[in-house]
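Hi,

Here is the structure I said I'd pass on.

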Amino acid sequence: MAPSRTKKRRPSFRRLLKTSNLKLDNKMKNRQMKQQNSSKKQRKEHRKMRQALKSVAQAAPRPLDVTAKNPEEEEEEEDFLESLPTDMMDDTDLQQMSSFLSRDLSSCDSVHGTKKRKSEVVRGYEKIPRKMAAVPEEEVIHLLPIKDKTRLIPQSMHKVVTKQPDEQEDEEEEEEPTQEAEIGAATLVNNALLTPAQQQKVRARKIQDRKLTIANLASTVIANPSTNMKCVKQLRGMLMEVDPCMAVTVRKLVMVSLMEIFKDITPTYKIRPLTAAEKATKVKKETQQLREFEEGLLSQYKFYLEDLEQCIKDWKQKKSKRSQAVSLDSYLGLAEVAVRCLCELLVAMTHFNFHNNILVALAPLLNDPVKTVSDTCCRAFAELFRQDKVGGPSLAAVRVISGLVKRLNYNVRPKVLQTLLSVRIQEVLVKKDLKDTTPTMKAMHHKDKKNQLSRMRRKWKKAEEKLQQELLETEASDSKERKMKMHTETLNIVFLIYFRILKKAHKSALLPAVLEGLANFAHLINLEFFDDLLNVLQGLIQSGDLSNRERLHCIQTVFTILTGHGDVLNIDPLNFYSELYAMLPQLHAGARGDEIVIVLRCLDAMLIRRRKQVSLQRAMAFIKRISVLSLHVQSHASVGLLAAARAALHSFPRSDFLLDNEVQGSGLYLPELQHPEHCNAHNTALWELHALQRHFHPVVRQLASHLSRGAPSEGSGALPQELSRRLPVQLFDDYDVKDMTFNPPVAAPRHKKKKEVFRVDRSLLDGDLQRLVDNSLRSSQEAELDFWTTHKY
């Protein structure tokens, strides 16, 4: 039989789903109001119950395991008791509970007992443990409530609190100084009881154990870096070795091992930090593992760099640690290893993160008073410049060096500026300058192309260029324009350093390095600065404060400018020709050999490349002075100078007058005159070639004989291809004698057949004769000569 319609039905699940949220909220509010009203009544009963508990606690003796509570804990307990649901307890339950709490808990009698004995109370105290049990800390976790027909029942769970690893690490770090001090003191006491030999054996055994540990951890990391980054953390922990007898050695080993590990496991790209949106998105398991590996690697690499930098700071500040595991005398050794590791990472990991931080950390050490540290940093920067093919790392390094030179007011070592000679920016910027010299032709070509192409064709071309640019971005290859911009900015900073020194510190020790740098990059200088630079260089040469090498660099800079983009300038540098002509006799075998290299480069720029602007008299004067100079220099310098004279004879065919003994005109040759135009070089001959044909060096003899025959390119007097195709500078380097050995080596003398010589042995065949010889020899040794006595005949 169906139920009557007047009776209220229980809503089904589907109907509950259709109930609006507003109606459900109203129902919830009504239910909460009812609970609040009922809770007010229950609070009064709870207060009575707590008062009863307090009175009982005051009257009854307290056991030993019960500790006094603070007022704050009591308030928390009251709040917790108020929050407990008590609507399931009746009045009878409350009465029974109050009666149960009001009785003496220390008695062993039953609940209904009427008599209490004091002995039993004392016996109960003895059963209580005398040490308080360690109660673990608990955390209250609020769970989802349970819903019944009338109300919501809150649920909670108690969970034991475990300390996080970070908190434990913090506590360990706080206790670390005291622990290190205790360990150090213990090791000192133990070592004091041993003999020196025993201490050495113990130290060797400990170091061997540490080496095995480092090797195992390093091999584990390299075998599978993505899952074994914890081993890197353990290795970093060994940087804080506290045993004084091996702390320095272990820390050095760990520094070098970590450096090699990072060079092996780091990827070939720069790790970018993830954004909040990227972290929130769900990814594959492999992608998540890669992200975790990259994050761990980056953090460990950062901490490692900070440890190296802190080691250098401790050495600079002479900061002693509490543990005294490392003495102040050992700070320099640790700092040198740290600097070497940073230099290796600077050169090998230009693509990875924190490269600019390494540059900033090593820049002040370029001018360090300790020679080993500064030389290591300078070599690293020079190697960075040589290996850089993109331009970004070089630009950052040049900026750092510029800031260092300016901050120290140009009081830096010359070797700091010599590192700039290794910057690779010549080829790219030459092409850029050639494009800049013809801007109108480029515009006209673009206009002609625009007129020739149709509208659809131009649109298609534009889309093709855009696609090509996107393809370059996908290939992760830098465009030529970007490289040119970076190289141009790098060159501007380098020239800014050089020009500042020429203007403000032209008498400092940096001037040779500046002049050498200007000579190296002179072909890239803007035409607008040519006049001012020539005037400055000419003033430096005429001042008389420069050495021969510095004057040669000035001359090389001038002619490098004039043979490059400066050939459009109508300038006759006769003064610079006269300076070089007067300087050549001052060079000799006792001077530095690298000065001849600069002379060969200057001769190539002054005579060979500018042969159309050089007169015959000037060329003949230089050829004569070169042949004279080749007599009193070393063998490899003679080879280079004779090769330069050969190139000049080929560039000026009419200079073969010097190979003839007859006088070609009026006047007399004046070798002491310092002006090549007026020394009458056409009235002399190259008689030095006959002396050079008897030189001990075979290549010098060969070149002298070749020049005396007129330097023919074919025939019996021609040179072999390995000599004729080489430049004078290349021949100078090929036959260099830096190792103080003959180059090429001198052939060993031939072994001649020795003549048979009769040699008398010690023992003779006749015994009597042998005794007579021995007696005569013995008597001659014992006799003393007296030159004052005279004998009369």
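This is a predicted model: local features need pLDDT of at least 70, side-chain atom pairs count only at pLDDT 80 or more; totals for chains, interfaces and linings use all residues.

Residues are numbered from 1 along each chain as its sequence is written, and side-chain values use heavy atoms, with hydrogens and water left out.

Let's start with helices α15 (residues 392-407) and α20 (residues 480-504), whose axes come within 9 Å and cross at roughly 20°. Helices here are DSSP runs (H or I, at least four residues), numbered from the N terminus; axes are lines fitted to C-alpha atoms over the stretch in contact, and angles run from 0 to 180 degrees between N-to-C directions. That angle makes α15 roughly parallel to α20 (under 35 degrees counts as roughly parallel, over 145 as roughly antiparallel). The crossing is left-handed, that is, the near helix is turned anticlockwise from the far one by less than a right angle. On the α15 side, the residues in contact (heavy atoms within 4.5 Å) include Leu395, Val398 and Arg399, and they meet α20 residues including Ile493, Val494 and Arg500. By class, this contact has six nonpolar, four polar and four charged residues (Ala, Val, Leu, Ile, Met, Phe, Trp, Tyr, Cys and Pro are nonpolar, Asp, Glu, Lys and Arg charged, and the others, Gly among them, polar).

Next, α22 (residues 530-543) and α23 (residues 548-563) pack at about 160° with axes 10 Å apart, which makes α22 roughly antiparallel to α23. Their crossing is left-handed too. Among the contact residues are Phe530 and Leu537 of α22 and Cys554 and Val558 of α23; by class there are nine nonpolar, one polar and one charged.

Where is asparagine 367? It sits in the loop between α13 (355-362) and α14 (371-387). Leaving aside neighbours within four places in sequence, asparagine 367 touches Leu408, Asn411, Val412 and Arg413.

Finally, the second largest cavity is lined by Phe385, Asp388, Gly391, Ser394, Val423, Arg424, Ile425 and His487 (a cavity is a set of points on a 1 Å grid over the protein atoms alone where a 1.4 Å probe fits but cannot get out; lining residues have an atom within 4 Å of a point). Three of those lining residues are nonpolar, three polar and two charged. Ser394 also belongs to the α15 side of the contact with α20.

Cheers

Definitions and conventions
On a 1 Å grid over the protein atoms alone, a cavity is a set of points where a 1.4 Å probe fits but cannot get out, and a pocket is an open set with protein on both sides within 12 Å along at least five of seven lines; lining residues have an atom within 4 Å of a point. Helices (H or I, at least four residues) and strands (E, at least two) are DSSP runs, numbered from the N terminus. Angles under 35 degrees count as roughly parallel, over 145 as roughly antiparallel, 65 to 115 as roughly perpendicular and the rest as oblique.
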